[in-house]
Amino acid sequence: MKRFFRGATIVWVVLRYGLDELVLTSFQKPWLRLLARIVSVGRDLRAPRGQRLREALERLGPIFVKFGQVLSTRRDLMPPDIADELALLQDRVPPFDPAVAVATIERAFRRPIGEVFESFEREPVASASIAQVHFATLRDRQGVMHEVAVKVLRPGMLPVIEKDLSLMRMMAGWLESLSADGKRLKPREVVAEFDNYLHDELDLVREAANAAQLRRNMEGLGLVEVPVVHWDFCHPDVMVMERMNGVPISQVGRLREAGVDIPKLARDGVTIFFTQVFRDGFFHADMHPGNIMVSLAPATFGRYISLDFGIVGTLTESDKEYLAQNFTAFFRRDYKRVAELHIESGWVPPETRVNELEAAVRTVCEPYFDRPLKEISLGMVLMRLFQTSRRFNVEIQPQLVLLQKTLLNIEGLGRQLDPELDLWSTAKPFLEKWMLEQLGPQRLKREMLDQAPHYAKILPSLPRLLHDHVRRQPSHEQQRELLELLREQKRTNRLLQGLVYGGVGFVLGLIAMQVIVRVRVF
């Protein structure tokens, strides 16, 4: 009965906000459209469709708000006006009872909260759909006092999530079977992707591990601060980390009054993002203004402060190669290479004609070259490529969708700080460095070092094996085998000699290629 009433509530909200018009226009069943018109007499639909969808999701509760946030990242599936409106969704949900937060902490650590923290502020400083944050102080094993932020999971989330997810799966199945656009929109896959994101965010230990990895990666860069995780006080329902003090990056006037170099801040944000993407292949994938502050402390003045590590993106070497070569080919106007990269990646059916895909890519990219580089949006170019490639049945990879969403966030934030920001001139050094590492002798050296432990394990045993073999008195059969081995050894020596000469030539060729790449590509 609970599931039935929840389903009825969802249907009522859908009709109340006119969401049926977003999907029923493509339905094959005329009686569905007629029924919707009858039960929705008198409603006001003057607001834009994207706004109505956002308000409906807020009305349905935190899980649907989070679903709308995930949908906003799928610009390869959503119309631009709806995706833009869904991107405005914020986790502005009422906090839950502080007494419940205290009970969750005490249950997680099996002791009273007074024994866990020296002090604990019961009034939350932030509240989201998944968790809320309290400030506290604690004493570590060495007796040192620390100011910390305590993130506590919203209670009873898992049953609510499972109930709403089951309804979403059911509604996605209906959409696929009743709507002409159902298969193209892949609603079941979207719900499955949301399921993965949501369950990852429900494990705060996983988020703590993401924060620790990003902190290690960013050490030495000097541009961003990531809070220290206090592992002795982490649990799937509770995460304790260093309290970070700063000014929200959206308060540009306050930052300017404090003396922060705003254009440099914009360039630093781009540098941080491309470092995470092309150097580390591990990037913060939820970098909206609510998760970014700027430090005003003397020791870290003007540095970014990253928060909320529930969603991170990872890229393989092949992903990075695909992106770097696509960006490079785009700025060289080599549209054929962009088309070939789509096919080589395996995301386009092999029977796709290169010239047709090349023409489609040219249609997307060519208009941008009538503008200065600083006016070119790499995020929008990537989004348009995704939308165009849908015609060719391209399988869009989730990690690249996350990357595109984060790139749009970074680019929008950077140009809000500095309208003159030239994203390409900031990204170019990373692409140059990555390309040279992939084509130059550094890659050969890296691969040799990777194989070194294997050879180090074999080499020490070779003298002993050779000594044992020499001391053994060979039989007639063994002598024949030894002669055969000697002949094979001579052939092997000749082969190794050829390989050595070829390797020397290969290294020389790589050095020459490195010079060519630097001069001709960039």
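**Close-up views of a predicted model**

**View 1. A four-stranded open sheet.** The strands run in the order β5-β10-β9-β7, with mixed pairing. Strands pair if DSSP finds at least two bridges between them. At the edges lie β5 (224–225) and β7 (247–248), each pairing on one side only. β7 pairs with β9 (residues 292–294) in the antiparallel sense, over two bridges. Val-247 has Val-294 in β9 as its bridge partner. α14 packs on the sheet and touches β5, β9 and β10 (304–306); its direction makes about 45° with that of β10. Strands (E, at least two residues) and helices (H or I, at least four) are DSSP runs, numbered from the N terminus.

The model is predicted: local features need pLDDT of at least 70, side-chain atom pairs count only at pLDDT 80 or more, and totals for chains, interfaces and linings use all residues. Residues are numbered from 1 along each chain as its sequence is written, and side-chain values use heavy atoms, leaving out hydrogens and water.

**View 2. Helix α12 against helix α14.** The axes of α12 (residues 204–218) and α14 (residues 262–280) come within 11 Å and cross at roughly 95°. The two helices are therefore roughly perpendicular (65 to 115 degrees). Leu-214, Asn-217 and Met-218 in α12 meet Ile-272, Thr-275, Gln-276, Arg-279 and Asp-280 in α14. Contact means heavy atoms within 4.5 Å. The contact residues divide into three nonpolar, three polar and two charged.

**View 3. Thr-137 in strand β3.** Thr-137 is found in β3 (residues 131–139). Beyond four places in sequence, Thr-137 touches Phe-117, Glu-118, Ser-119, Met-145, His-146, Glu-147 and Val-148.

Definitions and conventions:
Axes fitted to C-alpha atoms, helices over the stretch in contact; angles between N-to-C directions. Parallel < 35°, antiparallel > 145°, perpendicular 65-115°, else oblique. Nonpolar A, V, L, I, M, F, W, Y, C, P; charged D, E, K, R; others polar.
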